[in-house]
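Q: Can you walk me through this one? I'll ask as we go.

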Amino acid sequence: MARLAPYAKLHRAPQGPGDDRPTASQIVEDQGLVASSEWSGRVVLIIGCSPGGLGPEVARAIRLTGADVFITVRDIAKGLQVVQELLSDGKPGKVQAIHMDLGSLESVRAGAQDFLRKTGNKLNVLINNAGVMACPQGKIQDGFELQIGTNHLGHFYLFHLLKGALIASASPSFNSRVISLSSAAHRYGKINFDDLNFEHTEYNPFAAYSQSKLANAYFANEVDRRYQSRALRALSLHPGGIITPLSRYLPSTKEVEEHPVISKLLQNPAQGASTTVWAAIAKELEGKGGIYLDETAEAELTPADAPPYSGGYGENTFDPQAEGKLWTESLKLVGLGD
């Protein structure tokens with residue numbers, strides 16, 4: 001079967017932010033889903049929607065469909081700012097903010113309960129967009145290393161609180177979807193099952209980030225394997241290179257922005273949200289899962305010696321044994337049964 005890559009021509013010769021590569025809104029338009037009767041009444045939950053990041057751009061595009069959009073934020077004042085901006089277009093469909101801090105399982109639980117109350121236990125698409133990158137060593141409230149705790153375990157725990165709604169909301173014409181934002185950095189990741197939290201291993205911020213991003217891919221693969229028979233599918237993806245607040249722990253972004261190759265690969269946030277939106281709504285992805293996406297396409301295997309800024313997935317991206325093991329270990333860590 002041919003690889004799904006509807007925008008391949010537009011990605012062949014990138015020229016930097018604002019070039020011809022698609023925006024998230026263009027994806028909705030090209031799918032013919034603006035003010036769609038199909039999407040009216042569907043519920044989409046986007047985790048991590050603070051101003052300046054990809055989340056608001058994903059929400060803005062999804063809103064074009066007429067779906068009800070719920071966003072989560074750690075700072076509810078900033079979340080309400082995003083809500084007001086989105087509602088200012090006067091289009092149909094709800095937009096509401098939920099307080100949730102992935103650095104606290106208690107907060108995740110409270111946010112999930114609030115969401116389910118507000119939606120009547122309905123959820124069609126869950127987009128795990130929140131994250132931190134290459135931060136100094138630290139721990140979340142529950143004692144987990146900051147990056148594996150926020151990027152993986154927080155989302156993992158949330159999924160289990162919402163999976164009943166996802167399964168109940170699925171239909172033969174539209175299987176529920178879980179979208180897990182990974183990163184090209186996953187290709188350099190290794191799940192250290194003996195020391196997930198870097199308690200006995202010398203901490204390296206990029207090693208911890210890469211581990212968490214590989215965990216995001218493993219999570220999506222395992223969700224799809226376990227729940228596809230119940231019309232729940234999952235995909236992981238690399239959104240591309242975008243300068244957002246996620247980069248705040250890097251010494252500087254100047255080197256990236258001035259690099260002769262990388263600077264042309266960079267996208268603006270509206271473009272950076274395109275692969276996420278495609279994963280969430282694309283008709284050609286209906287009934288598909290366990291796939292890694294980038295450049296608004298099914299990704300291809302990247303050679304091991306490719307430069308770090310190359311797209312695609314690595315030989316480590318699909319590993320059923322490791323995926324199952326991480327699932328089991330994650331259940332133990334967050335205190336859940338299978």
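Q: Which residue in β7 is the bridge partner of S236?
A: Y292 in β7 is the bridge partner of S236. The model is predicted, so local features need pLDDT of at least 70 and side-chain atom pairs count only at pLDDT 80 or more, while totals for chains, interfaces and linings use all residues. Residues are numbered from 1 along each chain as its sequence is written, and side-chain values use heavy atoms, with hydrogens and water left out.

Q: How many bridges join β6 to β7, and do they run parallel or antiparallel?
A: Four bridges, and β6 and β7 run parallel. Strands here are DSSP E runs of at least two residues and helices are H or I runs of at least four, numbered from the N terminus. Two strands pair if DSSP finds at least two bridges between them.

Q: And β7 with β8, how do they run?
A: Antiparallel, with two bridges joining β7 (residues 291–294) to β8. D294 stands opposite A297 in β8. Two residues lie between the strands of this hairpin, and E295 there takes a positive phi near 50°.

Q: Which way do the β7 side chains point?
A: I291 and L293 point one way, Y292 and D294 the other. All of them are buried, meaning under 20% relative accessible area with a 1.4 Å probe, protein chains only (over 50% is exposed, in between partly exposed).

Q: What's the strand order in the whole sheet?
A: β3-β2-β1-β4-β5-β6-β7-β8, an open sheet of eight strands with mixed pairing. β3 (95–99) and β8 (297–298) are the edges; each has a single partner strand, so one side of each lacks a neighbour in the sheet.

Q: Which strands does α7 lie across?
A: β4 (125–128), β5 (176–181) and β6 (232–238), and α7 runs at about 160° to β6. Angles run from 0 to 180 degrees between N-to-C directions, with axes fitted to C-alpha atoms, for helices over the stretch in contact.

Q: Switching to helices: at what angle do α6 and α7 cross?
A: Roughly 15°, with the axes of α6 (residues 146–169) and α7 (residues 205–227) coming within 8 Å.

Methods:
Contact = heavy atoms within 4.5 Å.
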